[in-house]
Amino acid sequence: MNSGAGALWVDVHLHLTDETFRGEEEAVLRRAEESGIAWVVTSGVDLESSERAVELARRHPGRVWATVGVHPHEARLWDEGSEAALERLAADPHVVAVGEIGLDFHYDHSPRDVQARVFRRQIRLARKLGLPVVIHSREAPGETLAALREEGRAEGLLHCFHGDQAFAREVLDLGLFVSVGGMLTFRSMDGLRQVVTGLPRERVCLETDAPYLAPVPHRGRRNEPAWVIESGRVLATLWHMEPLEAARLTAANARRLFRRADEAARTKEA
């Protein structure tokens with residue numbers, strides 16, 4: 001089987017602005033490129049990290065794209081100036097989505113009602129701007145789905161998918177893409193692999209969520225975008241295809257989801 005090392009993979013979700021990468025961004029991106037990663041999407045979790053994500057994307061056009069948003073952990077920091085600040089950042093052509101937004105009822109770093117209100121505000125903002133959303137949902141599947149239904153159909157990505165078949169079906173029925181990452185390689189995740197095997201191949205992307213959730217054989221280390229290939233190899237095995245084909249398929253899905261990245265690529269190809 002082709003190792004996939006020369007393939008053009010895409011990492012649709014990571015946090016290159018995380019403090020663990022401070023001062024090493026160039027080296028991390030170089031390792032990713034050498035491993036066959038075509039481009040990555042670095043996600044903001046608050047206004048500061050969103051601004052830094054945009055700055056990184058500007059410095060690495062075509063290699064790094066940004067999303068801007070307020071994570072549910074940080075929803076308590078939302079104020080009346082937050083939406084205007086996000087809208088300003090989202091106007092930058094290097095921004096491909098509003099995110100990372102959503103609900104996290106595991107840690108509850110922000111009150112649940114505040115999380116829900118901020119999530120809905122950002123869904124509306126994304127629709128206003130014509131951008132997809134990147135969604136975080138942890139231990140809040142019903143509430144996440146209810147918000148999306150009630151706010152109206154939204155384009156977007158449910159990142160770090162690890163739900164059951166029923167949740168997957170409802171997410172797909174709403175028109176969302178899903179992305180999978182390091183957990184796909186974990187020995188304990190047979191249930192996830194079974195669900196992912198049956199997902200529509202045109203709606204699945206790959207991510208690392210770096211610096212978190214490093215895949216086997218790198219568990220316990222700081223995750224990097226270069227390692228998205230490890231999850232890609234597992235996905236290829238589940239789908240009974242060569243890694244190169246899985247790379248092309250998931251990269252094409254990423255381009256369909258993130259239209260600004262696709263338009264830039266088409267302009268370059270022309």
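Student: At what angle do H7 and H8 pack, and how far apart are their axes?

Tutor: H7 and H8 pack at an angle of about 60°, and their axes are 10 Å apart. Axes are lines fitted to C-alpha atoms, for helices over the stretch in contact, with angles running from 0 to 180 degrees between N-to-C directions. The model is predicted: local features need pLDDT of at least 70, side-chain atom pairs count only at pLDDT 80 or more, and totals for chains, interfaces and linings use all residues. Residues are numbered from 1 along each chain as its sequence is written, and side-chain values use heavy atoms, with hydrogens and water left out.

Student: Why are H7 and H8 called oblique to each other?

Tutor: Angles under 35 degrees count as roughly parallel, over 145 as roughly antiparallel, 65 to 115 as roughly perpendicular and the rest as oblique. The angle of H7 with H8 is about 60°, and these helices are therefore oblique to each other. The contact (heavy atoms within 4.5 Å) is made by Arg 193, Val 196 and Thr 197 of H7 and Val 234, Leu 235 and Leu 238 of H8.

Student: What makes H8 a mostly covered helix?

Tutor: Buried means under 20% relative accessible area, exposed over 50% and partly exposed in between, for a 1.4 Å probe and protein chains only. Eight of the 11 residues of H8, which spans residues 228-238, are buried. Among them are Val 228, Gly 232, Leu 235 and Leu 238. Their cover includes strand E1 (9-14), strand E2 (37-43), helix H7 (190-197), strand E8 (204-206) and helix H9 (243-257). Helices (H or I, at least four residues) and strands (E, at least two) are DSSP runs, numbered from the N terminus.

Student: How do you know whether Asp 11 is buried or exposed?

Tutor: Asp 11 has 0% relative accessibility, so this residue counts as buried. Asp 11 lies in strand E1 and touches, among others, Trp 39, Leu 206, Thr 208 and Val 228.

Student: What joins the side chains of Asp 11 and Thr 208?

Tutor: A polar contact of 2.5 Å joins them. The term requires a pair of N or O atoms within 3.5 Å; within protein, one must be able to donate a hydrogen and the other to accept it, and residues adjacent in sequence count only if both atoms are side-chain atoms. Asp 11 and Thr 208 are 197 residues apart in sequence, yet 6.4 Å apart in space, C-alpha to C-alpha.

Notes: Lists of a residue's contacts leave out its neighbours within four places in sequence.
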